[in-house]
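This report walks through a few parts of one structure, which is shown below.

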Amino acid sequence: MTLVTLSDVLQPALRDGYAVAGLVTLGWEDMRAFVTAAEAEACPVILQAGPSCREHTPLPVLGKMFRHLAETASVPVVAHLDHGYSAEDCRVAIDCGFTSVMFDGSRKPLAQNIDETAAIAEMAHAAGVSCEGEIGFVGYSGGESSAGTDPDEASQFARDTGVDAMAISVGNVHLQQEKQGGLDEPRIRAIEAVTQVPLVIHGGSGVPIAQRRSLASGSNVCKFNIGTELRLAFGDALRTAVTRDPDRFDRVQILKETHDPMIAACRQVLRPLKNA
């Protein structure tokens, strides 16, 4: 089994100058393709179960799916809860075999976010599980606006919570379909100056590839979450499979045709983050 914690993959990334992809999964087809792509690229991978995934498939099932894939994988695999909004979300994920939980208290006042994140980090660590927290608020394309991470607050958050990874808001936006202006690198440098915790970029699909590559090799950003970019690739592959033969109705045969395109799309995500 190559099931590992978030800290297991991010600490080497921080030390050696590369980043690991946190890939947002929605079902068996994409998570299986993601592990195959990571094996082809010989790099670790973080399989993430976010809120929309959990609405569709219960956490106990997702935990078993992630762990099953990790049992036969030739690369390290992290089973990660993305955007847990309560201690109960995180507790259930830990009980279901996840090796990493992300508690999102970013909408809460600083003191409350710190207190709740610290308690969840303590719970996770007692179970041998990693914990990611968020300081600042990463907004949503067409929805809530972002609130940039204050470096002084980031320093306090990292020190007082004991998190293994810290998600920051530096111009990144969730659900962004186009790669636009890029991240605020001076803000990233200011945060790096006051903490050595591995940094996480949510909404990584909107970050230009060249900037992903440069930050992966030359900053403390050790994890890029990628969801929308791969969802678009899956949608394109599925649409092609369905329309190629309108008379087909066997979902297994149709979904099989998304596998190779998803592997190819995922390898394009993984390659720029790797340690050359």
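## A charged pair: R187 and D184

The model is predicted. R187 has a relative accessibility of 30%, so it counts as partly exposed. Its partner is D184, and the two side chains meet in a salt bridge with an N to O distance of 3.5 Å. D184 is partly exposed because its relative accessibility is 30%.

The whole structure contains 16 salt bridges. Side chains of opposite charge can pair when their charged atoms come close.

R91 takes part in two of the pairs described here: its side chain meets that of E88 at 2.6 Å, N to O, and it forms a salt bridge with D95, where the closest N and O atoms are 2.5 Å apart. E88 and R91 are 3 residues apart in helix α5 (residues 87-95), so about one helical turn separates them. D95 and R91 lie 4 residues apart in α5, also about one turn. An α-helix has 3.6 residues a turn, so residues three or four places apart point the same way.

E88 is partly exposed at 43%, R91 is partly exposed at 33%, and D95 is exposed at 56%.

## A network of charges

Salt bridges also link E41, R267, R271 and K274 in a network.

## Helix α4

Helix α4 covers residues 59-72, and its 14 residues should span 20 Å at 1.5 Å a residue; the end C-alpha atoms are 21 Å apart, which agrees.

Its buried residues are L59, L62, G63, M65, F66, L69 and A70. These cover an arc of only 165° around the axis, so they lie on the same side of α4. K64 and T72 are exposed, on the face turned away from the buried side.

Strand β6 (residues 130-135) has 6 of its 6 residues buried. On one side these are S130, E132 and E134, and on the other C131, G133 and I135.

β6 runs parallel to strand β5 (residues 100-103), with 4 bridges joining them. Another 4 bridges join β6 to strand β7 (residues 165-168), again in parallel. E132 stands opposite M102 and also opposite A165 in β7. Together with helix α6 (residues 110-126), β5 and β6 make a right-handed β-α-β unit.

## The loop position G27

G27 sits in the loop between β2 (20-25) and α2 (28-41). Its relative accessible area is 16%, so G27 is buried. G27 and A264 are 237 residues apart in sequence, and their C-alpha atoms are 17 Å apart in space.

How values were computed
Residues are numbered from 1 along each chain as its sequence is written. This is a predicted model: local features need pLDDT of at least 70, side-chain atom pairs count only at pLDDT 80 or more; totals for chains, interfaces and linings use all residues. Side-chain values use heavy atoms; hydrogens and water are left out. Helices (H or I, at least four residues) and strands (E, at least two) are DSSP runs, numbered from the N terminus. Buried means under 20% relative accessible area, exposed over 50%, partly exposed in between (1.4 Å probe, protein chains only). The expected span of a helix is 1.5 Å times one less than its number of residues. The arc is that of the directions from the helix axis to the C-beta atoms. Two strands pair if DSSP finds at least two bridges between them. A crossover is right-handed if, with the strands pointing away from the viewer, the path from the first strand over the helix to the second runs clockwise. A salt bridge is a side-chain nitrogen of Lys or Arg within 4 Å of a carboxyl oxygen of Asp or Glu.
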